[in-house]
Amino acid sequence: MTFVNTLKQWDEAVACFERGDSAAALGTFLDIQEKNSKIFFNIGCLHLINKNLDAAEKALDRCIGKDEHLAVAFFQRGLTFYKKERFEESFADFQHAFKELRGNQLIDYKPLGLRYKLYACEVLHNMALAHAQLGQWEKAKENLLTALNLRTEAKLSHIDRGLECILKQKLFEPVKVPAKVLFKPNKNYVAELEKKDYLGKAKVVSSIVFQDEFSGFAPLQPQVEDIPTRPKAPEVLRALEGEPHTVLFEFVPETSDELAVVPGNIVFVLNKGSDNWASVIFNERRGLVPYNFLERLEITLSSKQDQDGTDKDDIPGPPRREPPNRPQRNSAASATENQSIGDTKTESCQSEEFSDPSLCVVKVHFTYTIAICMVPGLPYTTTLEKISNKLGLPATAITLSYAQIDLGKKVIDENTRMEDVWSCVHNGRLTLWCDLKEGVSEQLQSQTHLMALHSYESSTPEDLEFHQGDTILLLSKVNEDWFEGQCNGKIGIFPASFVEEVPMKDK
């Protein structure tokens, strides 16, 4: 079996495991003929999930046989021996894992495809537990004191709890490798497995033959018998959409949805309304122009020539008559169109960096601060709904307030004149405050809270990063393997296997 086939099966097995199909993942791993140490490690982890300790021990033996310096393999096999109550062999493997750290405080296996950090203090923690199982309490105490000196982060608080248990001659839980962690193949190698068309498909860019779509080699085209005395003018390229029109008179816009054009401009009409206004595209901008200011442009294969054989001047001449009057806008259509434009701008305001002067940036101070774009003059219900959606809270759970000069804060409700609120806009900005209503905070406490069993480092902007022992508010369950939550003022997704639900008495 080639390396490519091994890589394909490895990637397929990891994908099955991430979908929650552990049986299919294990079967795919076992079908690989040329297994390396990482694949044997994955097989051992899957057997541990299935509580098949004998098979897990054999797989980890093969893993260590392939790589005698893989510390995490010794650590995982030590956990297997501990579950089988073979504490002397478990201590030996933990001790071997500590030696393979070679004086380092930790080994980060992320560059090798495993999202896990093996800390020296946690290896000593498990060594102390093996001593405790053998009744060697003094040696267990020495190992934990050494672990305290090697602890690099305050989040490793289970070292302190372990020492307290040893002083009371009580046992405690060992540190384990997360169940949802496997070695993954190199993503650069996996990307190379897909076939790539480096040449692509040829297409006609320019041709003298009208609507020519042929690409390749062809015999010479038939020669033209009557060759013109002057070369043909370049063919005018048609736009992808709209009908080309030339501008006859200068038009100065009066609203934000109208376009400024001057005589000689070429615009493309998308549609014409019954009120004599046309929706056009000009210089990649879309807007409204009076249709009686335009004239349809006929595209020909060659430019027209004067009777004396000389080309016409490319510079357009002055208009031969006065420009027509500005047509009246349909008020109902304009209002509908302006409202749709306003809604669109409100939704896309953040992506345009609040650059539209017709919009207002509303800053809302809550337990954290948010900014949202709104059209000034919105009613109370619409304003409350937009802010509650941004905060992720029901509209009935929050109370808004604003501040007036020399009057202090005032609560906003159904009886508030929104004209007074929007009159506080200064330089396109408005500041509001948001508070939870009485009794709502107790209801929010009844929401599901989770405790981080392991630290999780984000690899994408959508991930939620947290440390072991952090409390996470569960927002939603993406699927059975991934949750969405909030921690330390940040919102993101994280693996469900890294957390456990906090009992009601601990909330």
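**Exercise 1.** Which residue of E6 does phenylalanine 282 stand opposite?

*Solution.* The model is predicted: local features require pLDDT of at least 70 and side-chain atom pairs pLDDT 80 or more, while totals for chains, interfaces and linings use all residues. Residues are numbered from 1 along each chain as its sequence is written, and side-chain values use heavy atoms, without hydrogens and water.

Step 1. Strands (E, at least two residues) and helices (H or I, at least four) are DSSP runs numbered from the N terminus; two strands pair if DSSP finds at least two bridges between them.

Step 2. Strand E5 (residues 277-282) runs antiparallel to strand E6 (residues 285-290), and 6 bridges join them.

Step 3. The residue opposite phenylalanine 282 is arginine 285. The hairpin has 2 residues between its strands, and asparagine 283 adopts a positive phi near 55 degrees.

**Exercise 2.** Determine the strand order of the open sheet of 5 strands and locate its edges.

*Solution.* Step 1. The order is E9-E8-E12-E10-E11, with mixed pairing.

Step 2. Strands E9 (369-374) and E11 (408-412) each have a single partner strand, so one side of each lacks a neighbour in the sheet.

Step 3. Strand E8 (residues 360-365) pairs with strand E12 (residues 429-436) in the parallel sense over 5 bridges; there, histidine 365 has tryptophan 433 of E12 as its bridge partner.

Step 4. Helix H12 (residues 380-391) packs on the sheet, touching E8, E9, strand E10 (398-404), E11 and E12, where contact means heavy atoms within 4.5 Å. The direction of H12 makes about 135 degrees with that of E9; axes are lines fitted to C-alpha atoms, for helices over the stretch in contact, and angles run from 0 to 180 degrees between N-to-C directions.
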